[in-house]
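I opened the model to look up two things.

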Amino acid sequence: MKLNLSHSKLIEVIGGSSNQDSSQIVDVIYYDTRLINTSRNGVFFALSDRRNGHDFVETAYDKGIRTFVVSEAVQLPSDAIVITVENTLRALQQVAKYHRNQFSYPVLAITGSLGKTTIKEWLYFLLSEEFNIVRSPKSYNSQIGVAISLLEMTDEHDFAIIEVDISHPNEMEFIEDMVSPALGIYTGVGHYYADNFESQKMHAAEHLKLFKYTNITFTLTEHKSALRRNKINAELIDVNEWNAVDFTQLSYANNRIIAMHVAAFLGVQKEELKKKADQLPVLSNRMEVFEGQDNNLIINDSYNIDIDALEQALSYQFSSDERKDKIVVLDLSYVDENRRKAILEVVNSYQPTQLFIIEDNSIPKELLKVKDASILFKGSYRSNLKETVQLFKNRKHETWVEFDLKSIEHNVSTLQKKLPENTKTLVMVKASSYGTGDMNIPHFLQQLGIDYLGVAYTDEGTTLRENGIKLPILIMNTEMDAFEDVIRFNLEPSLFSIRQLEAFCKRLSEDNITDYPIHITVETGMNRLGFYPEDLQELIEKLKQSPEVKVKSVYSHLADADNTDPGYTLQQIERFKAMKNEFEQGLNDDSILFHILNSEGTSKFGNIAAFDMVRLGIGVFGYTSTSEDDGLLPSIQWKTTISQIKSLNAGETVGYGRTFKAEKAMEIATLRIGYADGFRRSLSNGVGAVFINGVSCPVVGNVCMDMTMVDVSNTNCQAGDEVEIIGENITIKTFSKRLNTIPYEVMTSINKRVARVYLK
Ligand SMILES: *Cc1c(COP(=O)(O)O)cnc(C)c1O
């Protein structure tokens with residue numbers, strides 16, 4: 001980009017007001033601070049795309065930018081030139097329009113739902129000898145993208161190809177004004193129309209506004225009526241005329257024909273076109289292609305799920321790789337019905353060998369068995385697919401934990417079977433669902449139809465809300481200064497003191513909120529949090545006078561449920577019953593839910609003390625003291641890989657402090673796991689062991705931060721082999737015992753850097 005705009009011209013073009021005059025010349029526009037290159041005279045436009053650009057002005061300043069275009073008040077040092085406009089996007093488009101009008105060479109614009117980038121790139125290829133072409137980078141076709149594309153025009157070019165997309169009514173007007181194309185290509189909207197349009201016709205009409213003033217707009221005969229309806233001057237392309245002999249993929253062939261037809265129109269000889277048709281470049285915009293596990297070729301395009309890019313990725317997959325099996329993995333987690341249909345239509349037209357659809361961030365187990373295939377991964381940037389792809393890439397290079405969602409589902413329903421019908425289920429997802437990761441398990445539980453989720457602290461609840469959890473969320477330990485977030489994110493606090501109740505009511509009354517759902521924690525013997533029996537009368541009186549809140553539930557927590565002697569638990573249950581009576585008589589509200597059982601409690605006392613709800617935790621993962629008897633299934637496997645094998649001579653030592661000395665010649669393997677991953681240092685020197693190819697291999701020497709050495713003298717193995725840390729041979733209970741702890745602590749101590757994989 002080389003704009004050469006004076007400060008005053010810039011202000012004139014965008015119609016803003018500036019805090020000071022300047023003689024600066026602006027050469028380049030930035031809207032993303034990551035792209036700032038300080039050697040150039042840049043202006044930073046604070047756009048609001050996915051994030052509010054005004055939050056980044058300071059970063060831009062620190063990177064050397066001194067001119068800013070903003071629409072909100074910003075705090076910047078006094079040498080910053082701040083130009084204020086009403087709408088920064090419109091301002092950017094004004095600059096683009098002004099810049100584009102400096103050039104008289106033709107602009108060819110491409111719009112429609114499909115094929116834009118493909119056609120643009122192919123036209124570029126076909127025309128590159130006739131013209132010096134400027135074109136949209138990548139798939140820059142949004143309101144911002146089109147402006148940025150136009151700003152790339154210079155007087156060294158003599159032809160521009162710009163792609164345009166829209167997703168809302170009335171969006172095209174500004175874009176048309178900015179682009180003013182002389183020529184157009186319309187690719188159609190397919191059966192899919194964006195959600196913001198009432199009909200396919202209206203979606204098409206919005207696209208076609210781009211061509212109101214073009215001399216000629218090219219399109220396939222099938223779109224004839226749409227162009228007529230919208231009074232666009234069209235040149236129809238007849239697919240049959242172009243004897244597209246061996247193009248098996250229809251839409252792929254259509255794109256090729258459109259590109260060839262337009263190139264012919266622009267003067268490329270047919271002979272020349274025929275030659276070039278076989279050399280059209282394989283397009284792999286954002287795609288990353290690499291050799292994966294099990295001789296699979298991985299095509300990773302997990303950054304967006306727009307249909308155009310999907311088509312490109314498919315045409316790449318189906319045209320460029322010799323592997324016969326073509327597997328497509330789609331993550332449709334955040335995709336609505338309409339779009340889903342359109343996506344599946346496109347994918348099915350290519351007839352992949354196998355299609356996997358992921359909707360809950362889990363990986364189908366079948367997919368892990370795929371060998372010798374090309375696998376295309378396609379999902380939006382919001383989905384978890386990126387991490388899944390890493391698994392296919394790096395299984396040989398990593399440490400990871402696998403969570404088996406089928407087992408989790410089984411465990412939930414097995415525990416529920418111990419309860420009277422109509423008992424509700426709350427699942428505790430505190431501490432990132434017991435260390436399993438922030439969002440996957442909560443989403444999975446929401447899909448399973450669990451009634452409630454519970455967390456320890458407010459910020460855990462806000463994370464759930466921000467990531468699409470709609471279930472009611474109980475907060476166990478509500479901090480006084482978090483009431484604001486509690487209310488904003490519709491979270492339900494547990495209250496355990498009068499002071500806290502009063503403070504919360506006061507906060508609610510400031511906003512005139514009534515009947516806000518709360519939970520009451522009562523003390524029956526854990527001696528952690530809660531109201532004591534002797535506090536109840538005062539509490540009940542207070543609650544009666546507090547229209548701000550509505551008690552959703554009253555609960556207590558068991559201290560000794562895993563003890564084979566049920567004495568203490570039964571005592572707690574009796575105390576709870578007595579307190580329940582007081583609430584029932586005092587508040588006279590039969591909608592209040594009472595609950596005391598955790599996983600252990602559910603397993604042992606589900607038939608006698610479920611009350612209205614239970615709160616499950618560890619049992620969901622299959623690790624209660626009686627999990628085997630109850631038929632719960634373990635759901636976690638922790639694995640790593642061997643990075644190197646070494647042969648030691650007698651007398652040599654291993655690792656820091658030389659705490660292990662080989663007594664005879666032996667083989668050791670270095671593993672990609674250390675105490676920073678949660679494989680604690682106390683497992684050093686034989687306390688811990690791992691399983692490799694069916695053989696137990698004890699730890700030798702001290703566990704390091706990122707690596708551990710084990711004795712592999714008794715097993716055949718090589719670098720890259722998989723190593724079981726926790727799994728079929730070493731259960732989480734065994735592993736916990738070696739560390740003198742419990743599965744809860746092991747689960748929550750697996751470091752965040754360890755990849756999490758969810759299998760189904
Ligand atoms: C963590 C927790 C649970 C779940 O306990 P598990 O032993 O994992 O079943 C239930 N209730 C409360 C209050 C908790 O803190």
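**Ligand shell**

I sorted the residues of the shell around the ligand and got 6 nonpolar, 4 polar and 3 charged. Here Ala, Val, Leu, Ile, Met, Phe, Trp, Tyr, Cys and Pro count as nonpolar, Asp, Glu, Lys and Arg as charged, and the others, Gly among them, as polar. The model is predicted: local features need pLDDT of at least 70, side-chain atom pairs need 80 or more, and totals for chains, interfaces and linings use all residues. Numbering starts from 1 along each chain as its sequence is written, and side-chain values use heavy atoms, without hydrogens and water.

I found 13 residues surrounding the ligand (a heavy atom within 4 Å). The closest are Lys430, Tyr434, Ser599, Ile618 and Tyr744.

**Polar contacts**

I looked for pairs of N or O atoms within 3.5 Å. A ligand oxygen lies 2.6 Å from a side-chain N or O atom of Lys430. For a polar backbone atom of Ile618, the distance to a ligand oxygen is 2.7 Å. Alone, the ligand exposes 390 Å², and the protein buries 95% of that (Shrake-Rupley method, 1.4 Å probe).

**Helix pair**

I then checked α1 (residues 7-14) and α3 (residues 88-100), which pack at about 110 degrees with axes 8 Å apart. Helices are DSSP runs of H or I, at least four residues; axes are lines fitted to C-alpha atoms over the stretch in contact, and angles run from 0 to 180 degrees between N-to-C directions. α1 and α3 are therefore roughly perpendicular (65 to 115 degrees).

Definitions and conventions
A polar contact is a pair of N or O atoms within 3.5 Å; within protein, one must be able to donate a hydrogen and the other to accept it, and residues adjacent in sequence count only if both atoms are side-chain atoms. Helices (H or I, at least four residues) and strands (E, at least two) are DSSP runs, numbered from the N terminus. Angles under 35 degrees count as roughly parallel, over 145 as roughly antiparallel, 65 to 115 as roughly perpendicular and the rest as oblique.
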